[in-house]
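Reader: Hi! Could you walk me through a structure I've just opened? I'd like to chat about a pocket, some salt bridges and a helix.

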Amino acid sequence: MADIFSRWGKARSGLHLLVFHLLDVAAVLDAGFERRPALLARLADGLGLDRDTARAMLLTVLALHDIGKVATGFQASDREAALALGLDLTGQERMREHHSAVGQVLLSRLLARHRAGSGLPDGGVAALPVMQELFTLSTGHHGRPVLDLPKFRVLTETGALTDDDMDIAAALVRAVAELFGWRQGIPDGEGLKRLSPLLNGLFTLCDWLGSSGHFACRVQPQELRAYYEDTALPTARRMLDALRPTPFGRLTPRPPAGFAALFPRLGRDGAPAVPTPLQALADRLFTADALPDGPLLTIIEDLPGAGKTEAGDLITHRLIALDRADGAYVGLPTMATADAAFARRFDRAGGLDFGAALFTEVPQVVLAHSRRHRTPGYAVTPTRAGLEEGEGYALDWFNRSSRRALLTDLGVGTVDQALAGALRARYATVRLAGLWRKVLLVDEVHAYDSYMQTLLHALLRWQGRMGDPVVLMSATLPARLRQDLVRAYAEGAGWADVAAMAERTRPGAYPLLTLVSGQGIAQHPLAPVSGPGTRPVRFEPAHDLDTVEDRLRGWLAQGRCVLWFRNTVDDAVAAWERLRDLDPLLYHARFLPADRSRIEAALLDAIGKTSGPSARRGRLIIATQAAEQSLDLDADEMVIDLAPADAVVQRLGRRRRHARMPDGAPAPDGVERRPDGPVLLLTPRPDRPGPAWYRSLFSGAARIYADDARLWLTARYLLDPGALPARRPGLPPDALILADDLRPLMEAVYAEEPAGVPDALTARHLAAEGADLSRRQRGRVARLSFRQGLREEWAQSAEQAEPTEDDPRTRLIDSHTVLLATDGDGPPRFLGAGDDRAFSVVEASECRCPRRLAPLGGQDALVPQLLTDGLADADRRKAGRAPVIWLRPAGDGVWRGRALDLSDAEETDGRPGSPAPATEVIVEYCRTRGLRVLPQRQAEPPA
């Protein structure tokens with residue numbers, strides 16, 4: 001008789017028998033079903049089974065996730081553990097095949113050869129593909145489905161899988177099926193495909209939790225039911241009560257609250273908060289009586305300053321209060337915008353806690369992005385009764401990996417954390433499981449390139465398939481982009497005539513709130529909020545830097561504060577050096593953390609919301625896109641380098657954002673009284689188009705903004721608003737009023753076939769469109785489209801992709817990081833050491849870099865010396881991953897050194913190019929200017 005107690009399952013921190021590990025993992029799902037009956041109901045309905053049958057089936061399938069470990073070849077991977085159980089490993093080597101693949105082969109063999117005697121339901125030959133798909137989802141719990149299966153004959157001939165192994169596997173299958181009572185009931189094949197990503201994510205999560213230190217090791221045999229009911233299940237219950245990942249837990253929502261009650265801090269002088277038109281509309285629409293049933297997509301399009309954030313939070317609150325969702329994730333385009341959004345909702349030191357407005361209990365809240373540890377209070381995780389000392393799991397479990405961030409009740413972070421769920425990437429399905437029954441709110445939805453938009457469409461399709469609500473927000477969303485977003489969600493939801501539904505969205509209204517449901521599309525035009533968006537703005541051209549300088553000096557002499565938005569860091573630094581006698585403040589992303597924080601504080605003091613007349617008077621700020629979105633800035637006057645129309649509008653939102661008196665003091669009555677003036681637009685001459693039209697003035701930015709045609713249209717309509725097609729009659733011909741003109745501007749600039757563009761710009765436009773198509777195609781290869789089952793889609797994407805060991809990324813743009821160190825003014829040290837005690841010395845020395853650098857030969861030998869100087873393990877690992885560039889003091893707060901630039905040897909557009917020789921460059925860091933990489937000479941690449 002096969003001995004099911006003769007194989008080990010875990011051996012790293014003690015010997016734990018395989019059969020007990022299988023039951024531990026199943027117990028996690030069982031305890032999860034107890035705490036979330038709605039999860040079991042959703043799965044049962046989707047699979048076409050009653051709940052008892054669905055439970056028995058899912059627990060059985062999950063329990064067999066590691067059955068491949070019965071193989072003698074796997075047992076040989078820890079010979080000491082195997083010998084302790086009496087296994088004879090004479091001549092047996094560790095098998096090369098992964099136990100997941102072996103388990104899938106083994107289960108397929110048992111199903112095909114021993115259907116009647118396997119202990120599993122026998123649905124006939126027709127049911128075999130469904131059963132195999134089920135077991136593919138459980139055996140594929142190591143991040144991706146198993147695609148390349150080893151040959152059964154090869155496994156047996158090499159001794160990796162013996163007859164005894166097969167007998168034990170068969171006995172385990174029968175014992176597990178008997179324990180959980182799966183005697184009949186084959187799931188619906190199409191329903192299984194639709195739910196396959198969710199099931200795989202749940203199975204993987206259960207394996208993570210069931211493999212934890214909560215479950216004590218056991219080597220003595222025990223009757224399975226007694227072990228399961230007396231040990232495994234109680235342990236799983238205690239663990240989930242303590243940890244409560246969102247698929248397996250649900251907080252009690254607070255009842256629906258009105259706008260004033262939800263945002264009391266927005267009221268003035270003790271009076272209730274007064275909602276903007278957008279906020280008032282959301283307050284009326286998102287009620288039990290007004291909301292349509294079923295999946296729901298909400299798209300908010302309104303001006304900067306219209307209160308989109310509060311409207312989105314109100315919608316989130318109502319959806320949770322009305323049992324349409326159990327949590328939320330807010331996705332932003334950058335880490336800086338995510339930090340600001342997190343602080344705006346969860347600044348508990350300042351009395352803000354959005355979670356307390358949503359739930360009666362304290363929710364688990366995380367800030368989710370790769371540098372979240374730099375933000376104070378990034379994890380707001382409450383103490384849980386039931387997590388006893390010594391049980392082994394810290395309360396920061398969710399923060400140990402970005403893959404776990406979406407498993408909390410509430411999350412704010414970069415949109416990448418959610419988009420990664422739509423990638424053909426390891427553990428993507430765990431992220432999808434974390435999004436189940438959550439509101440997905442994506443802000444600045446216009447800000448993503450075509451590659452990321454392709455991933456976003458896939459994620460919307462998944463959210464629609466699951467019936468989970470989505471809220472999308474933007475100030476500058478072209479109609480055709482909105483149609484694509486609607487189409488993706490509607491397709492996932494299974495609504496008929498999807499294309500026609502998307503095309504029926506009106507292009508003209510603005511501001512606009514759109515509701516997409518199974519009942520159709522309801523669009524609600526809005527009155528614009530009174531403020532900068534309703535005041536005329538006149539753009540004046542400047543075609544050279546001398547003109548910009550003259551205007552800047554004139555404004556500053558009049559006591560105005562001026563913000564100049566430059567398109568690149570190099571251009572910003574060049575302008576700062578040109579105007580140094582004016583004591584400008586330079587702000588961009590290439591500073592060490594402490595320096596960036598210091599400059600950001602100075603920036604807010606100078607032209608922030610609360611800045612006063614003395615700080616503002618005659619102040620010049622030169623900034624890049626880093627100041628576009630996350631900072632509440634309010635400049636009197638503005639210069640803008642020509643950029644795409646949506647970026648110009650975002651920058652314009654930092655001009656005269658808050659009503660002020662002529663001297664810059666806040667206007668007590670909310671009426672803007674600063675003297676009128678134009679916005680200066682630095683642009684090539686629109687009347688002199690040529691093949692290098694944009695590059696002639698912006699050589700660096702031309703690599704970022706490649707479509708001269710759309711840039712030319714932007715300049716044309718900003719300088720001549722009267723020429724805008726479909727513009728409402730009666731508006732001033734020489735001034736833009738965003739509330740009226742934003743929609744016509746977006747549609748004219750981003751039309752599928754831009755009209756009126758000079759022939760000389762066509763080549764650049766076509767090249768940009770070609771690159772855009774290439775990015776879309778790369779997105780299609782990288783994504784899971786959620787139109788088929790998980791395994792089929794994964795295999796299809798893998799066949800189309802370039803061979804690589806790396807997972808696809810959420811962004812195509814590389815963000816290089818270097819660590820700066822110095823040994824010229826004392827002992828070797830990281831440059832940021834001691835600058836900011838909130839960061840470790842390694843974190844404080846990280847700096848964004850425009851190029852991929854490597855230290856010169858021999859310099860990296862100094863790194864171990866630093867690593868032995870009392871650094872924490874995490875810092876040691878980080879210092880081992882990022883290149884350390886050595887700099888020496890050069891006077892006046894400047895450090896300078898040399899490095900090798902490897903950027904030209906990188907892949908181009910995803911295809912390997914011919915390796916180029918590395919270039920030796922000068923690397924310079926200044927606490928005022930930031931990091932610069934300056935060319936020097938050609939050098940051989942490092943060995």
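This is a predicted model: local features need pLDDT of at least 70, side-chain atom pairs count only at pLDDT 80 or more; totals for chains, interfaces and linings use all residues.

Reader: Great. What is the volume of the second largest pocket?

Author: The second largest pocket comes to about 900 Å³. Its lining is made up of 34 residues, and Gly9, Lys10, Ala11, Arg12 and Lys69 lie nearest the centre.

Reader: Which elements give two or more residues to that lining?

Author: Those are β1 (8-10), α1 (18-35), α4 (72-75) and α10 (189-210).

Reader: Thanks! Switching to salt bridges: how many are there in the whole structure?

Author: A search of the whole structure gives 61. One of them joins Glu549 to Arg578, with the closest N and O atoms 2.8 Å apart. That pair links distant parts of the chain, with Glu549 in helix α22 (residues 545-557) and Arg578 in helix α23 (residues 569-578), 29 residues apart.

Reader: Is Glu549 buried or exposed?

Author: Glu549 counts as buried because its relative accessibility is 17%, and the cut-off for buried is under 20%. Arg578, at 33%, counts as partly exposed.

Reader: Nice. What does Asp708 pair with?

Author: Asp708 meets Arg764 in a salt bridge, at 3.3 Å from N to O. Asp708 lies in helix α27 (residues 708-719) and Arg764 in helix α29 (residues 762-782), so the bridge ties together parts that are 56 residues apart in sequence. Asp708 is buried, with a relative accessible area of 0%.

Reader: Which residues are linked in a network of salt bridges?

Author: That network links Arg616, Asp634, Asp636, Arg660, Glu672 and Arg674. Within it, Glu672 bridges to Arg674 with the closest N and O atoms 2.8 Å apart, and both residues are buried.

Reader: Last topic, helix α9. How many residues does α9 have, and how far does it reach?

Author: Helix α9 (residues 163-180) has 18 residues and reaches 26 Å from first C-alpha to last, close to the 26 Å expected.

Reader: Which of the α9 residues are buried?

Author: The buried ones include Met166, Ile168, Leu172, Val176 and Phe180, along with Asp165.

Reader: What covers them?

Author: The cover over the buried residues of α9 includes α1, α3 (51-63), α4, α6 (99-113), α8 (152-157) and α11 (224-243).

Reader: And what follows α9?

Author: Gly181 does, and its phi is positive, near 80°.

Notes. Residues are numbered from 1 along each chain as its sequence is written. Side-chain values use heavy atoms; hydrogens and water are left out. On a 1 Å grid over the protein atoms alone, a cavity is a set of points where a 1.4 Å probe fits but cannot get out, and a pocket is an open set with protein on both sides within 12 Å along at least five of seven lines; lining residues have an atom within 4 Å of a point. Grid points are joined across faces, edges and corners, and a volume is the space filled by probe spheres set on the points. Helices (H or I, at least four residues) and strands (E, at least two) are DSSP runs, numbered from the N terminus. A salt bridge is a side-chain nitrogen of Lys or Arg within 4 Å of a carboxyl oxygen of Asp or Glu. Buried means under 20% relative accessible area, exposed over 50%, partly exposed in between (1.4 Å probe, protein chains only). The expected span of a helix is 1.5 Å times one less than its number of residues. Contact means heavy atoms within 4.5 Å.
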